[in-house]
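Please open the structure in a viewer with selection by chain and residue number.

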Amino acid sequence: MAGYIGNLALFFSLIFNVFLIFSAIKEIRSNNFNNFKIINFCNNSIFFLLLISFLTLIYCFTVSDFSNVAVYQNSHTTKPLIYKISGAWGNHEGSMVLFILILSLFSFVFARNKVSEKLKFYTVFFQSILILIFLIFLILTSNPFDQIDPKPLQGLGLNPILQDPLLAIHPPFLYFGYVGFSLVFSFALAGLVTNNFDKSWSKIANFWIILPWSLLTIGIGLGSFWAYYELGWGGYWFWDPVENASLMPWLAATALIHSNIVTLKKDKLHSWTALLSIFTFIMSLLGTFLVRSGVLNSVHAFANDPYRGVYILSTILLITFFSLAIFIIKKPKKSLYGKYSFFQRDNFILINNCFLIFFLSVVLVGTVYPIILDAISGKSISVGPIYYHTILAPFLFLFLFFMSHGPLLSWNKEDKFLQIKNFKIFFPISIVISLMIIFWFFDYKDIILILGLLFSVYLIVSIIFDWITQKKLSFNFGRLISHLGFGTLIFAIFINAYLSKEINAAMKVGDEIKIQEFIIKFKSINKIKKENYEEVFGNFLVTNKDKQVELTPSIRKYDRPVQFTSETSIKTNFIVDYYFAINLSEFEKEKIMVRFYYKPLMFWIWLSILLIAFGGIYQTFRLRNEK
Amino acid sequence: MKNKYKIIILGITIVIIFILFLRVLNSNKTYQPNQMIGKKIPEFILEDLLNKNTKLDSNILSGKDFAILNIWASWCIPCRIEHPFLMDLKDKNQINIIGLNYKDESVNAKNFLKKYGNPYSLIGIDKKGEVAIQLGAYGVPETYVLKRGKIIFKHIGPLNEDAVNKILELKK
């Protein structure tokens with residue numbers, strides 16, 4: 001019954017959508033834009049209908065209505081409530097509903113803004129075309145309300161890997177980010193079509209770029225956080241194609257934020273900003289394609305269905321073709337570059353924009369090329385961390401350098417060579433700090449590490465300097481926080497990459513081993529019996545110089561059926577994570593295989609990502625209040 | 001350059017990308033970014049489905065020269081499709097096949113084997129699917145080829161002739 005309502009709501013939203021597009025085309029033909037009321041009414045109705053549909057789906061999952069195929073395949077009566085609810089978007093069909101709902105939500109909120117009628121009209125028009133395309137896709141190939149008759153008694157259960165509170169909120173954040181970029185895409189097309197691509201466009205766009213960007217940052221961070229704590233591989237980023245799929249729109253959007261500021265401040269780079277607005281959403285669509293078409297297999301991939309793949313591929317390429325064609329025809333003609341000078345803020349932003357696009361290309365090639373090569377020639381090549389690290393690192397240093405100086409330069413007049421004064425302050429400080437770190441902590445000196453530390457410290461120092469001498473702190477606060485977060489992130493990543501340690505050893509109770517600078521003592525072993533499992537705790541004492549940490553990893557032995565699971569023990573503090581795990585098969589033997597990871601600055605990696613996102617969120621609030 | 005030409009070039013590019021990706025979609029080989037290939041299988045101990053006193057220990061697998069680990073379930077329809085291939089691998093090619101019974105009811109699993117035959121020398125009960133996750137599995141069925149406990153090849157989805165040939169080739 002509930003499924004029936006949801007299905008009906010989907011169907012009606014489709015009708016309203018068709019009607020909206022139809023009447024919008026009529027208005028465009030007659031060239032009067034007085035009738036925004038009808039469009040607005042349709043736009044609101046679409047949103048509420050989709051909301052009803054999504055809530056109904058959540059309801060079906062909550063009450064475990066197994067007559068619904070999506071529920072049957074992805075839920076189970078014994079699951080805790082939170083996983084029943086999150087099951088609603090933990091599958092292909094349900095997450096597509098969420099996808100479309102967010103498209104519509106952005107359109108709904110945007111239509112409430114103070115924007116010129118014509119711009120608003122076209123934005124809603126383009127947005128509803130996107131909604132229509134994905135609604136048809138949903139209804140034709142992946143209707144979440146398909147029924148099974150007779151109704152099964154029990155569902156197949158949610159993939160256990162998805163049963164984690166963090167993973168319940170990770171996808172919505174990502175979708176808000178990914179799909180959120182659709183609005184600036186539609187808005188850019190509207191600006192191009194109406195020849196309104198100028199400073200006032202940028203002013204409004206600013207909010208709609210930074211908001212999804214911040215949410216995407218959080219989404220990526222959550223995914224990474226989960227991988228580190230749950231997967232137990234001791235890492236937080238694996239350059240997995242699906243991770244890359246979320247990084248690509250992030251990089252494009254980061255470039256867009258900055259080029260849009262140049263458009264706003266100096267009334268230039270219009271074409272570039274317009275192109276990036278389109279490109280950012282196309283990158284989101286590429287991610288959607290990679291994850292949903294079945295070309296990839298990963299934790300994130302959904303069921304394979306070749307028809308879906310072809311449909312998504314065709315629509316994405318059509319959207320790409322038409323949006324770029326509009327760009328080519330209606331490209332802003334203004335060439336207001338004015339006097340060019342190198343040491344000027346907008347020029348530094350442009351340079352770093354090029355770097356960001358370069359990073360994006362590296363990730364794009366590393367992600368897509370192996371897939372295509374495999375399909376065409378049957379050759380498998382593996383593109384792993386080494387590829388990314390070797391290619392990206394040298395350019396990252398230059399990027400950090402320009403990032404340090406850009407904000408200190410002025411918008412309008414040519415400054416002296418990077419304001420020699422700054423130069424004189426930053427370099428000595430950062431060289432001293434990085435050398436201190438290197439000599440205190442490292443036995444060997446790797447040039448990449450030295451440069452990484454040097455330039456990230458350089459960036460941090462420049463931001464602190466900027467912060468102290470700042471006259472308009474509230475205006476620049478968001479930028480300072482985000483940039484600071486980026487500086488500490490790179491710093492923490494470098495330290496973590498070079499200082500992490502892994503120890504594997506076989507131990508029995510009473511053993512004390514000394515490996516590298518660690519002394520690991522296996523103190524005791526305790527058994528606890530619980531209702532459905534028996535748990536064996538190993539009690540370890542790790543001594544690192546004069547610091548002592550107690551860790552108690554365990555193995556659980558479940559009764560029916562007999563199954564063993566390993567529980568890691570992680571002690572986190574500001575400086576370092578101690579990460580301990582026991583290998584399973586040695587259970588009940590005298591000697592136990594243990595794994596110990598020493599992971600410095602993990603806390604700072606998470607904090608930095610939060611800072612980056614927080615800067616963005618602060619900025620969106622400031623922009624809201626400014627209006 | 002005139003806009004018309006730019007759009008034509010754009011159109012041609014899009015068509016080329018379309019054709020490229022269409023080939024990707026149509027090729028059965030799904031690209032797998034897999035960290036597990038070349039690595040040792042994770043450690044686990046599971047109860048055997050048919051014999052309560054036997055245990056499937058990952059260490060046993062490490063001692064074997066060549067073995068296949070197949071993840072299956074009685075509720076999984078594609079598993080029925082691939083079952084004859086497994087039977088052939090066992091009967092004709094004398095390959096040691098180890099089963100991992102994924103999130104299944106033991107009664108159903110036993111009936112399944114009675115009906116279609118049992119290609120497995122040992123079957124671990126992976127009731128919660130945790131071992132499958134550690135293996136990096138995406139679903140059922142899935143087949144891993146192990147050489148001294150190291151994963152050297154992985155096939156996602158039901159086995160087909162191509163996959164079987166590949167397995168036989170690896171055995172040589």
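Predicted model: local features only at pLDDT ≥ 70, side-chain atom pairs only at ≥ 80, totals over all residues.

Residues are numbered from 1 along each chain as its sequence is written, and chains are lettered from A and ligands numbered from 1 in the order in which they are written.

Select I100(A), F134(A) and A252(A): these have the most contacts inside the largest nonpolar core, which has 154 residues. Such a core is a set of buried Ala, Val, Leu, Ile, Met, Phe, Trp, Tyr and Cys residues joined through C-beta atoms within 7 Å. Another core, of 41 residues, lies apart from it and includes I41(B) and C76(B).

Next, select I131(A) in helix α6 (residues 117-141) of chain A; helices are DSSP runs of H or I, at least four residues. I131(A) is buried, because 28 other C-beta atoms lie within 10 Å and the cut-off is 20 or more, with C-beta atoms placed from the backbone. Beyond neighbours within four places in sequence, its contacts include N17(A) and I46(A) (C-beta atoms within 7 Å).

Move to α3(B), where a kink of about 40 degrees lies at H83(B), shortly before P84(B); the bend is the angle between axes fitted to the seven residues ending there and the seven starting there. Buried residues of α3(B) include C79(B) and L86(B).

Finally, select domain 1 (1-31) and domain 2 (34-171) of chain B, whose bounds come from an automatic or database domain assignment. Their centres, taken over C-alpha atoms, are 40 Å apart.

Methods
Buried ≥ 20, exposed ≤ 12 C-beta atoms within 10 Å, placed from the backbone. Helix = DSSP H or I, 4+ residues; strand = E, 2+ residues; numbered from the N terminus. Contact = placed C-beta atoms within 7 Å.
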